[in-house]
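Visitor: I'm new here and would like a quick tour. Could you show me what we're looking at?

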Amino acid sequence: MLVNYSSSSDEEDEVVATNRNNNETRVSDPGKNEGSCQTRLPLPSSVIEMFRDSEEQHFDHRAQHGGRLRSFEHERGNWATYVYLPYEPEDVFLELLDELRVCAAAHGVTLTRAEEFHISLSQTVILRHHWIQPFVQSLRSALATCSGFVCLADKLKVYSNQEKTRTFLGMEISTGHMQLLEVVKSVDKVMEEFNLSTYYEDPSFHLSLAWCVGDFAEKLQHTCLAELQSLMEGHEDEPFQIKLKCKELRCKTGNKFYQFPIK
């Protein structure tokens with residue numbers, strides 16, 4: 001019941017760093033010989049400021065990300081990238097999720113609601129800035145032949161990332177697994193084209209609901225998962241399930257989003 005998968009840490013706005021070796025330029029007087037004195041003119045402050053970001057050292061403040069740890073070091077020019085199927089939550093889903101969090105807290109596990117809800121269809125990989133446009137173009141071509149379908153999720157499952165630094169409560173996909181595998185095949189071809197990591201060999205497609213920092217997988221699994229599942233199945237006198245209509249896929253790279261309509 002425990003599944004390990006790579007975390008999608010907070011992606012930040014990235015820029016291509018340009019190193020400025022000198023903030024001064026030399027202008028020689030054409031009327032003088034090469035050996036004569038040269039006059040140095042300082043660069044305008046507006047030009048200097050253009051390169052300020054490239055000289056500043058980046059500091060990753062864990063407090064700004066709920067205590068989460070990066071799966072890879074921050075480096076300017078690197079863009080964290082992944083492909084996913086989005087889910088727009090309804091009010092009834094959010095209300096139920098709050099009930100699940102209250103129940104978990106009663107067993108000593110404080111869960112934080114996910115900022116967005118989606119089904120991951122790739123690992124989180126690193127793209128250099130100049131790869132983004134060709135990568136997106138290849139992805140658009142690869143997904144052009146995909147057809148729309150419906151996914152259902154109704155069973156809770158506990159997950160953790162590979163580093164065991166975060167634990168997740170998710171809902172496993174029960175209907176639509178084979179269709180998602182076909183989409184992953186198309187995405188993996190693009191990943192291979194750019195020499196990036198492909199998806200897991202036997203993926204457990206799921207929708208992450210909430211998370212906590214640390215390895216609480218065993219505690220969630222053995223102390224309250226059954227109770228959480230009972231809340232799901234008894235919600236408003238009938239089992240609750242999530243229905244996702246796959247009409248478009250998305251790719252997030254840094255702070256940029258790209259949409260891929262599914263016919």
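Visitor: Let's start with Lys 185. Which residue does Lys 185 form a salt bridge with?
Guide: Keep in mind that this is a predicted model. In it, the closest N and O atoms of the pair are 3.4 Å apart, and a salt bridge needs a side-chain nitrogen of Lys or Arg within 4 Å of a carboxyl oxygen of Asp or Glu. So the pair qualifies, and the partner of Lys 185 is Glu 182.

Visitor: Where do Lys 185 and Glu 182 sit, and what separates them?
Guide: Both belong to helix H5, which covers residues 177-193. Because they are three residues apart in that helix, the separation is about one helical turn.

Visitor: Is Glu 182 buried or partly exposed?
Guide: Buried means under 20% relative accessible area, and exposed means over 50%. Glu 182 has 45% relative accessibility, so Glu 182 is partly exposed. Lys 185, at 49%, also counts as partly exposed.

Visitor: How many salt bridges does a search of the whole structure find?
Guide: One of them joins Glu 248 to Arg 250, with the closest N and O atoms 2.7 Å apart. Another brings together the side chains of Asp 98 and Arg 113 at 3.0 Å, N to O. Searching the whole structure gives a total of five.

Visitor: Which parts of the chain does the pair of Asp 98 and Arg 113 link?
Guide: The two residues are 15 residues apart, so this pair links distant parts of the chain. Asp 98 is partly exposed at 29%, and Arg 113 is partly exposed at 31%. The parts they link are helix H3 and strand S5.

Visitor: What charge does the surface patch with Glu 95 carry?
Guide: Glu 95 is found in helix H3 and is partly exposed, with a relative accessible area of 46%. Gathered in the patch with Glu 95 are Glu 90, Asp 91, Glu 99, Glu 236, Asp 237 and Glu 238. Asp and Glu count as negative, so the charge of this patch is negative.

Visitor: And the chain overall: how many helices and strands does it have?
Guide: The chain has 263 residues, and buried residues make up 44% of them. Its secondary structure comes to seven helices and 13 strands.

Terms used. Residues numbered from 1 in each chain as written. Predicted model: local features only at pLDDT ≥ 70, side-chain atom pairs only at ≥ 80, totals over all residues. Heavy atoms only, no water. Patch = residues over 30% accessible without salt bridge, like charges linked within 9 Å, V, L, I, M, F, W, Y side chains within 5 Å. Areas by Shrake-Rupley, 256 points an atom, 1.4 Å probe, with all protein chains shown as cover. Charge placed at Lys NZ, Arg CZ, Asp CG, Glu CD. Helix = DSSP H or I, 4+ residues; strand = E, 2+ residues; numbered from the N terminus. Buried < 20%, exposed > 50% of the residue type's maximum accessible area, 1.4 Å probe, protein only.
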